[in-house]
Amino acid sequence: MEIDYSKTENQVEQEDEGLVQITTPFNPNMIRIRRDPFTISELVDKMEHGEIRFDTPFQRKQDLWDKVKQSRLIESLLLRLPLPAFYFDETGSDNDSEVWNVIDGLQRCSVFKNFIVDKTMKLEHLEFLSKEYDGCGFDDLPRTMQRRITQTPITMYLIESGTPEEVKFNIFKRINTGGLILTPQEIRHAMNQGIAAETVAKMAVMPEFVEATSGIIKTDRMEDRDFVTRFVAFYLQDYKDYEPDMDGFMTRGMAGIKKLSEVKRETMKDDFRRAMTTATKIFGNDTFRKRQNEGDRRRPINKALFETLSVGLAMRTEEEQKTLVKRKDEMRRRFIALNNDVKFFYALSSGTGQKESVNYRHRKIRELIADVLNDKTPTD
């Protein structure tokens, strides 16, 4: 299907990974979730002791609900209406099993914190109890109504510490069906708090990356970090070892950051920075965009090409990168010719998550780079 690039949001090409069959599914016995009896009072107790994380860097921040919606949630408790289930990840902070990350239920937890813990919220525009309780804070309610709130039983599922990352990722995706759906990258960041999330976040704000991508990659839903994580995944894992699906490969790649020493993390960041600079010097404002003819109009940024070219350049030495810049005309000429290879163009455009497509585009880009470096034509 031909993509209408004029309608492509944010000038990032819509990706078609194709119908990819996962070839290495996880063992169902590795799923470790327990259901504990819980009440609002017990949940509030954990909040008061700092054992519920509200500072996770997903897009889905706390306090996204307006005051009316927050008030209606409290009214539901006063009316004894049941609440949807809550999901938490026991991994927490610094592997502290006492600290839980919220997977599903963040907005509801935020309301409880505002109303019961911080006491910064007043009820307003209630639907059934407006005459009695409009304008009330928690301390203004009759003791019987306070108890009705705090003693409300809730259904709470806890993903236990030690559950493999890929299993968690799939659990996140399957239960992530609320009003504001998390992107895969937001899920990865929720799962990889600490050094992994911080490393990707720092790489995403590097001026070299922003310049290479023309400053048009959105940040509000972590699309910029999705690009970076794609680089990380193929930088830390050989493309020949890729097995579908792409989300699983990227999740393993991001988790791999935690296994690196500080020196190796800094090396990876430096390699990324130099790759971005080199790509920009070669392709200018056409960086990471497909082109089949010099006269073609400028296309959107292509994620598959970003992943392939960025890693291919990062694997080269600084001297080799300088040579590629000197030979940028040849590099661009060969790149245009490569885009006229139907199989390569397909590997960037459709079925991008298929094993054959991943292998083909990485191999052809690395061959192109090697051919330009081995060209003995004078460059000065």
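Modeller: Happy to! Let's begin with the cysteines: the structure, which is a predicted model, holds 0 disulfides. A disulfide is a covalent bond between the sulfur atoms of two cysteines. Cysteine 109 is buried, because its relative accessible area of 0% falls under the 20% cut-off. Cysteine 136 also counts as buried, since its value is 12% and the limit is 20%.

Now for the interior itself. In soluble globular proteins, nonpolar side chains tend to be buried together. Here the largest nonpolar core has 54 residues, and the members that touch the most others are Phe231, Phe234, Phe272 and Met331. Take phenylalanine 231: leaving aside residues up to four places away in sequence, its contacts are Met203, Met268, Phe272, Phe306, Ser310, Val311 and Ala314. There is also a second, separate core of 35 residues, with Ile74, Val102, Phe112 and Ile154 among them.

Helix α2 spans residues 67–78, and serine 71 sits in this helix. Serine 71 is buried, because its relative accessible area is 1%, under the 20% limit. Beyond residues up to four places away in sequence, serine 71 touches Met121, Lys122, Leu123, Glu124 and Leu126.

Leucine 81 is partly exposed, because its 42% relative accessibility is between 20% and 50%. Together with Leu79 and Phe128, Leu81 makes a nonpolar surface patch of about 290 Å².

Technical notes
Residues are numbered from 1 along each chain as its sequence is written. This is a predicted model: local features need pLDDT of at least 70, side-chain atom pairs count only at pLDDT 80 or more; totals for chains, interfaces and linings use all residues. Side-chain values use heavy atoms; hydrogens and water are left out. A disulfide is a pair of cysteine sulfur atoms within 2.5 Å. Buried means under 20% relative accessible area, exposed over 50%, partly exposed in between (1.4 Å probe, protein chains only). A nonpolar core is a set of buried Ala, Val, Leu, Ile, Met, Phe, Trp, Tyr and Cys residues joined through side-chain atoms within 4.5 Å. Contact means heavy atoms within 4.5 Å. Patches are made of residues with over 30% relative accessible area and no salt bridge: like charges are joined within 9 Å, nonpolar side chains (Val, Leu, Ile, Met, Phe, Trp, Tyr) within 5 Å. Accessible areas come from the Shrake-Rupley method with a 1.4 Å probe; for residues, only the protein chains shown count as cover. A salt bridge is a side-chain nitrogen of Lys or Arg within 4 Å of a carboxyl oxygen of Asp or Glu. Helices (H or I, at least four residues) and strands (E, at least two) are DSSP runs, numbered from the N terminus.
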